[in-house]
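Biologist: I would like to learn how to read a model of this kind. Could we go through it feature by feature?

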Amino acid sequence: MIPTIFFIFSLLSLSHASLVVDFCVADYTAPNGPTGYSCKSPKDVTVDDFVFHGLNTSGTLNIFNSSVSLAFDSQFPGLNGLGITIGRLDFGVGGVIPLHTHPRASQQIVVIEGTILAGFVSTENVAYIKTLNKGDVMVFPQGLLHFQINVGDSNALAFVALGSSNPGIQTLDLALFKSDISTSIITATTLLDAAIVNKLKGVFGGSGLNYVVDHESVRNLEY
């Protein structure tokens, strides 16, 4: 019980918002701007705007044998402007949340069930990795690549909190192999073999397999 209470208070403390009103429930009928959604008229706000049911159950396991369910401001209107997000991570045996980053927020994780190997890599290329058990909490600083792996012999469950109502997420595998960046560019910038890149693009549904980089043009680029 104590870790759960700690997690809730930590979630609240992640917020850096300084609202001049009590709240700003997202108005989905208006465009989303750089600072979030416009505020719904207070007369249209109900208690349901502040309640989210999307983390009650596990999502469908993906290719990594894991599931990520997130409550961003685009799904949970009451979060708009509050500077917080919560999410649920489910892992099958051996399940992985691959290397990814949140460009606009730091993150905390609390393990509810199972044993999870978690870590991040600093800009000095130092890896900070720890095995987490039930009730353990770890923090991942904003913008740094991080991951989680279920290293136990049963399913694992964790909840995460992030310090933004729209923290953003970019997964390294998807950025490379689900995008339209060409195989030749990936091989040039990662030293991976083209056959491996094309195979992974096939797995993740990426394109750009046949585009060839003009290496003379690359050498002449101004940085």
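Biologist: At roughly what angle do the axes of helix α3 and helix α4 cross?

Modeller: This is a predicted model. The axes of α3 (residues 183-190) and α4 (residues 194-204) cross at roughly 125° and come within 9 Å.

Biologist: Which word describes how α3 and α4 lie to each other?

Modeller: Angles of 65 to 115 degrees count as roughly perpendicular and those over 145 as roughly antiparallel. The two helices, α3 and α4, are therefore oblique to each other. Their crossing is right-handed. On the α3 side, Thr183, Ile186 and Thr187 make the contact, and α4 supplies Ala194, Val197, Asn198 and Lys201.

Biologist: Turning to the strands, in which sense do β7 and β8 pair?

Modeller: β7 (residues 116-121) and β8 (residues 127-132) are antiparallel, with six bridges. Val121 stands opposite Ala127 of β8.

Biologist: How many residues lie between β7 and β8 in the hairpin?

Modeller: Five residues lie between them, and Asn125 in that turn has a positive phi of about 65°.

Biologist: What share of the residues counts as buried?

Modeller: Buried means under 20% relative accessible area. Of 223 residues, 37% count as buried. The protein's accessible surface is about 12,700 Å², and carbon and sulfur atoms hold 60% of it.

Biologist: How many helices and strands are there in the protein, and what share of its contacts with a separation of 6 or more comes from residues 24 or more positions apart?

Modeller: The protein has five helices and twelve strands. Among contacts with a separation of 6 or more, 70% come from residues 24 or more positions apart.

Technical notes: Residues are numbered from 1 along each chain as its sequence is written. This is a predicted model: local features need pLDDT of at least 70, side-chain atom pairs count only at pLDDT 80 or more; totals for chains, interfaces and linings use all residues. Side-chain values use heavy atoms; hydrogens and water are left out. Two strands pair if DSSP finds at least two bridges between them. Helices (H or I, at least four residues) and strands (E, at least two) are DSSP runs, numbered from the N terminus. Buried means under 20% relative accessible area, exposed over 50%, partly exposed in between (1.4 Å probe, protein chains only). Contact means heavy atoms within 4.5 Å. Accessible areas come from the Shrake-Rupley method with a 1.4 Å probe; for residues, only the protein chains shown count as cover. Axes are lines fitted to C-alpha atoms, for helices over the stretch in contact, and angles run from 0 to 180 degrees between N-to-C directions. Angles under 35 degrees count as roughly parallel, over 145 as roughly antiparallel, 65 to 115 as roughly perpendicular and the rest as oblique. A crossing is left-handed if the near helix is turned anticlockwise from the far one by less than a right angle, and right-handed if clockwise.
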